Amino acid sequence: MMNKQQLLSLTESKALRGIAILGIILHNYCHFLGFAVKENEYTFNVDKPMQLADRLLSLNHDLFIHILSFFGHYGVPLFLFISGFGLVAKYEQKERDKTVGVLSFTWYHYAKLLRLMFLGYIAFAVVSYLHPHGYHGYTFGRVVAQLLMYINMLPDPDHIIKPGPYWYFGLTLQLYIVYRLFLYRRKSAYVVAFIVVCWAIQTVFSPEMIGSDDSLNRIRYNFIGAMLPFGMGMLYARHGKAYGKPVYAAIAILSAIAVYTGSFNFNSWLWVPAFIVIGAVATIKLLPENMLKPCVWVGVISSALFVVHPVLREIIIPMSYRGRVYTGIIIYIIASIVCAWLFKLLFRYIPKPKLR
């Protein structure tokens, strides 16, 4: 089997994380601005890519915001791809004396996610309580559901998951469980089958088929909507091949075209995350190491950035609401990075779980 370092080195993995988290935090700021073109993340509406095409032709000074609002959430598939790749590298390609038990595996990864989430969850709750227009919809049931990471499964996830991006913790835990129960050390055909079945379920619950976005919206908050990039990470770790720069350049260009054109049709939109992943990996392979350094630096604190950015957004985004759009974005980025480093220091004092 090919050495995983030839496929995705530690530096390249960190760079991908850096790109992914920058897309996510900027998306989660920009799409709250009323004039920004909204994304198709959990449901599909062809009017949204049409609006983006119109803004691209107009070339006004808010184009940067429209692009980030529409495409920035695709940082999530990049994280899922890296997770799938990492699980195979850690649990299948390294020599292990014994099989990892289901319960110990699940508890270990749940504890890792909770350790990461807990400080940010408290900080967001405090900021929301003190903010006159903050979120005040916390209930005992919602708090427990978020801490136990099953809140994505509840009805109307759009309005009960606070902080909004924290739905990702529940999604990740689901994928870890699916991996350990059904995919761990099994043939890659199982991974392909899961991808196909999850794609088929989403097509069945398309708005055209059932006349409503609600079911698809709820499905895509959970592992069914995330299996494609996660499974691709597993398959890449097991069967991926390295290519020359001319091939990566062609892949990057074709992927960019596929991402844009695929956004205009429901069935092709379901496969856009695949081209996001393929294009991002190809782009990373094309860039010299010196150019990757800023992304690597951000990637090192990507987990802490993910945790703190919703808290900072609540505080800073009113500045952009009042007209100082780019000033707010710059302050938001700087404050998020500073606080992420502080959180990273605090994490040192929280004991790390151990896999038994």
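Guide: The second largest cavity is lined by 14 residues, and Trp199, Gln202, Gly225, Leu228 and Leu270 are those nearest its centre. On a 1 Å grid over the protein atoms alone, a cavity is a set of points where a 1.4 Å probe fits but cannot get out, and lining residues have an atom within 4 Å of a point.

Visitor: Which elements give two or more residues to that lining?

Guide: Those elements are α9 (188-204) and α12 (227-239). The largest share, 4 residues, comes from α9. Helices are DSSP runs (H or I, at least four residues) numbered from the N terminus, and strands are E runs of at least two.

Visitor: Before we continue, what kind of model is this?

Guide: It is a predicted model, in which local features need pLDDT of at least 70, side-chain atom pairs count only at pLDDT 80 or more, and totals for chains, interfaces and linings use all residues. Residues are numbered from 1 along each chain as its sequence is written, and side-chain values use heavy atoms, with hydrogens and water left out.

Visitor: What is the volume of the second largest cavity?

Guide: Its volume is about 110 Å³. Grid points are joined across faces, edges and corners, and a volume is the space filled by probe spheres set on the points.

Visitor: How do its lining residues divide?

Guide: The lining of the second largest cavity has 11 nonpolar, 2 polar and 1 charged. Here Ala, Val, Leu, Ile, Met, Phe, Trp, Tyr, Cys and Pro count as nonpolar, Asp, Glu, Lys and Arg as charged, and the others, Gly among them, as polar.

Visitor: And how many cavities of 30 Å³ or more are there in the whole structure?

Guide: The search finds 3. The largest cavity holds about 160 Å³ of space. Its lining has 14 residues, with Glu41, Val76, Pro77, Arg220 and Gly225 nearest the centre. Helix α5 (75-91) and helix α8 (167-183) each supply at least two residues of this lining, and α5 gives the largest share, 3 residues.

Visitor: Back to tryptophan 199. Where is its place, and is it buried or partly exposed?

Guide: Tryptophan 199 sits in helix α9. The residue is partly exposed, because its relative accessible area is 32%; buried means under 20%, exposed over 50%, and partly exposed in between (1.4 Å probe, protein chains only).

Visitor: Which residues form the nonpolar patch on the surface?

Guide: Val192, Val196, Trp199, Trp271, Phe275 and Ile278 form it, with about 470 Å² of accessible area together. Two or more residues come from each of α9 and α15 (272-286), and α9 gives the largest share, 3 residues. Patches are made of residues with over 30% relative accessible area and no salt bridge, where like charges are joined within 9 Å and nonpolar side chains (Val, Leu, Ile, Met, Phe, Trp, Tyr) within 5 Å. A salt bridge is a side-chain nitrogen of Lys or Arg within 4 Å of a carboxyl oxygen of Asp or Glu, and accessible areas come from the Shrake-Rupley method with a 1.4 Å probe.

Visitor: Now the open spaces. How much space lies in the largest pocket?

Guide: The largest pocket holds about 1,600 Å³. A pocket is an open set with protein on both sides within 12 Å along at least five of seven lines. Its lining has 42 residues, of which Arg17, Lys112, Tyr176, Ser302 and Ser303 lie nearest the centre. The largest share, 9 residues, comes from α5.
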